[in-house]
Amino acid sequence: MALSKVVARFKDGVVMKGHTSSFSPNKNAFHVELVSGEKITIETDMLKALFFVKDFAGDAQRKDFYEETIAGGGKKIQVKFKDGEVIIGYSLGYYPDRLGFFIIPADTKNNNERIFVVNSSIEEAKLDIK
């Protein structure tokens, strides 16, 4: 399996960056090799979301642009997390009774390629937004 660059954002605010090849939306845990070289196991339900990123640096000052349409990306969804953060993107399968779901960001120029959102970290999800 190929290694994916990920940023794990936990519900308690902790952020960890590393690589994984073992993440599955159907499993309760996965392994990450942190940028420090340490190998850890992460329990998925402890996360707010897992961000699959282009690079680890990102740009915290960048403003997202949410007007793009992702062909074949599914339904447009707005997710508001319990910590107040809002993400807009497209999802092929939002099921609130599952562990989580993937979002493809509506802004294709941001640093996130896709995001696995953990349902227990969501305050509100709105489907088919305009």
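Of the 130 residues of this protein, 39% count as buried, meaning under 20% relative accessible area, with exposed set at over 50% and partly exposed in between (1.4 Å probe, protein chains only). The model is predicted: local features need pLDDT of at least 70, side-chain atom pairs count only at pLDDT 80 or more, and totals for chains, interfaces and linings use all residues. Residues are numbered from 1 along each chain as its sequence is written, and side-chain values use heavy atoms, with hydrogens and water left out.

The protein has ten strands and zero helices; in sequence order the pattern reads β-β-β-β-β-β-β-β-β-β. These elements are DSSP runs numbered from the N terminus, with helices being H or I of at least four residues and strands E of at least two. Among contacts (heavy atoms within 4.5 Å) with a separation of 6 or more, 52% join residues 24 or more positions apart. The accessible surface comes to about 7700 Å², and carbon and sulfur atoms hold 50% of that area; the areas come from the Shrake-Rupley method with a 1.4 Å probe, and for residues only the protein chains shown count as cover.

Asn 119 sits between β9 (112-118) and β10 (122-127), and counts as buried because its relative accessibility is 12%. Leaving aside residues up to four places away in sequence, Asn 119 touches Tyr 94, Tyr 95, Pro 96, Arg 98, Leu 99, Gly 100 and Phe 101. Two of these residues present a backbone oxygen to a polar atom of the Asn 119 side chain: Tyr 95 at 3.0 Å and Arg 98 at 2.7 Å.

Terms used
A polar contact is a pair of N or O atoms within 3.5 Å; within protein, one must be able to donate a hydrogen and the other to accept it, and residues adjacent in sequence count only if both atoms are side-chain atoms.
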